[in-house]
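Hello,

Please find the sequence and structure below. My notes on the helices follow.

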Amino acid sequence: TAHLSGVLNSLDRFATAAGVPILLNCVMIGALLLAPDFDVSYGVALSASVFVAGILQFLWVYFACARAGFRIQLRWPVFSPDVRQLCRLMIPGVIGAGVMNINLFIDTILASFLPEKSISFLFYADRLNQFPLSILGIAMGTALLPSLSRQLKAGEHEKAHHSKRLAIEFAIQLTLPAAIGLILLSYPIIEVIYGLPAMETKATAAALAAFAIGIPAYVLTKIFAASFFARQDTRTPVKIGCFCIGISLVLNIILMQYFAHVGLALSTSLSAWVNAALLYRSLKKRHWFRLPATIWGLILKVGIATTAMGLSLCGLSQVRKSIIASSLIAEIIYILMAISLGLLVYLGTSFYFKLITLNQIRKALLRH
């Protein structure tokens, strides 16, 4: 399934591959609902559902590949020069894919020396932090890599530069408000989703806010790394990533003494910014990419729009304290109101500054 999803991405068929995890979720939910009727334990039902979902996922992408003109033909494997080249490129990528997991593993070990439930606070916060990262970072990196590879292979360096610049501008306009929104709404979101006691909700919300600081850096890292991968350079991002693991470890040891589990989350975000900065520095040094001077004007405008959104959310939070009763329905209504208000203020301010719209980005991508 993963292999055929990669094939679909290379053919610019992103929706099918992106929808694969939905099948797993639906089958698992169905297994939980049907387990009592078949007198099967929930553990066994969930285990079986993973197997069934795996088959359905494979069939899903297989028929999508067939419709796209790519068919699997079974034959004896041959360790050809192309396969050797693939392995040489893949091995550093496999190591690099584990960098974030290594960071989380180190955070978990260090959190075990902190007060009780610190590991849980980090885990709960990271689950929510992964949501915007999956939507923005992984999606943009996945969509950018195939087009960059084709453009560079065809010698269309100007188009490749334009695609990267467009992706970065797009990322800035989405990640800054996403980070501020997640920081300001961290407490009510944690309260609604997990239903923890007040002190535990506050501790988890603080960790989520610390994680959210790194959201723009995470997404920029995906974009910068795609520039290396498109040139078949999988080693440089891995080297930088491993160096940033060391940076994160040092920051962990320092910050956890002052901020406990929040310090661990904050060090992860700061090391992500270091990672993004070093990747860009390497791209710039090799003359592979340079940010245009106009980017600072865009950052200023997006910053103003994000500040206006943040102030509106702060104002709404004061109203919440005085008029909204403490109940699940009231909290859900408040979150929906806050998201709607923040979105309207941000879009309105962005329209005033004539920032690039999603429609303009879509048209530009279709042209290039």
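**Helix packing**

In this predicted model, helix α3 passes helix α4 in a right-handed crossing.

On the α3 side, the contact is formed by Val20, Pro21, Leu23, Leu24, Val27, Met28, Ala31 and Leu32. The α4 side supplies Tyr42, Ala45, Leu46, Ser49, Val50, Val52, Ala53, Leu56, Gln57, Trp60 and Val61. Sorted by class, the residues of the α3–α4 contact are 17 nonpolar and two polar, with no charged residue.

Next is the pair α9 and α10. Helix α9 spans residues 186–194 and helix α10 spans residues 198–212. Their axes come within 8 Å and cross at roughly 125°, so α9 and α10 are oblique to each other. This crossing, too, is right-handed. From α9, the contact takes in Ser186, Tyr187, Ile190 and Glu191. From α10 come Ala198, Thr201, Lys202, Thr204, Ala205 and Leu208. The contact of α9 with α10 has five nonpolar, three polar and two charged residues.

Helix α10 also packs against α12, at an angle of about 15° and with the axes 7 Å apart. Since angles under 35 degrees count as roughly parallel, α10 is roughly parallel to α12. The crossing of α10 and α12 is right-handed. Ala203, Ala206, Ala207, Ala210 and Phe211 of α10 meet His261, Val262, Ala265, Leu266, Thr268 and Ser269 of α12.

How far apart are the end C-alpha atoms of α12? Helix α12 runs over residues 235–285, which is 51 residues, yet its end C-alpha atoms are only 16 Å apart. A straight helix at 1.5 Å a residue would reach 75 Å. There is a bend of about 145° in α12 at Phe259. Please look at Phe259 when you go through α12, as the bend is placed there. Just after α12, His287 has a positive phi of about 60°.

Regards

Key:
Residues are numbered from 1 along each chain as its sequence is written. This is a predicted model: local features need pLDDT of at least 70, side-chain atom pairs count only at pLDDT 80 or more; totals for chains, interfaces and linings use all residues. Side-chain values use heavy atoms; hydrogens and water are left out. Axes are lines fitted to C-alpha atoms, for helices over the stretch in contact, and angles run from 0 to 180 degrees between N-to-C directions. Helices (H or I, at least four residues) and strands (E, at least two) are DSSP runs, numbered from the N terminus. Angles under 35 degrees count as roughly parallel, over 145 as roughly antiparallel, 65 to 115 as roughly perpendicular and the rest as oblique. A crossing is left-handed if the near helix is turned anticlockwise from the far one by less than a right angle, and right-handed if clockwise. Contact means heavy atoms within 4.5 Å. Ala, Val, Leu, Ile, Met, Phe, Trp, Tyr, Cys and Pro count as nonpolar, Asp, Glu, Lys and Arg as charged, and the others, Gly among them, as polar. The expected span of a helix is 1.5 Å times one less than its number of residues. The bend at a residue is the angle between axes fitted to the seven residues ending there and the seven starting there.
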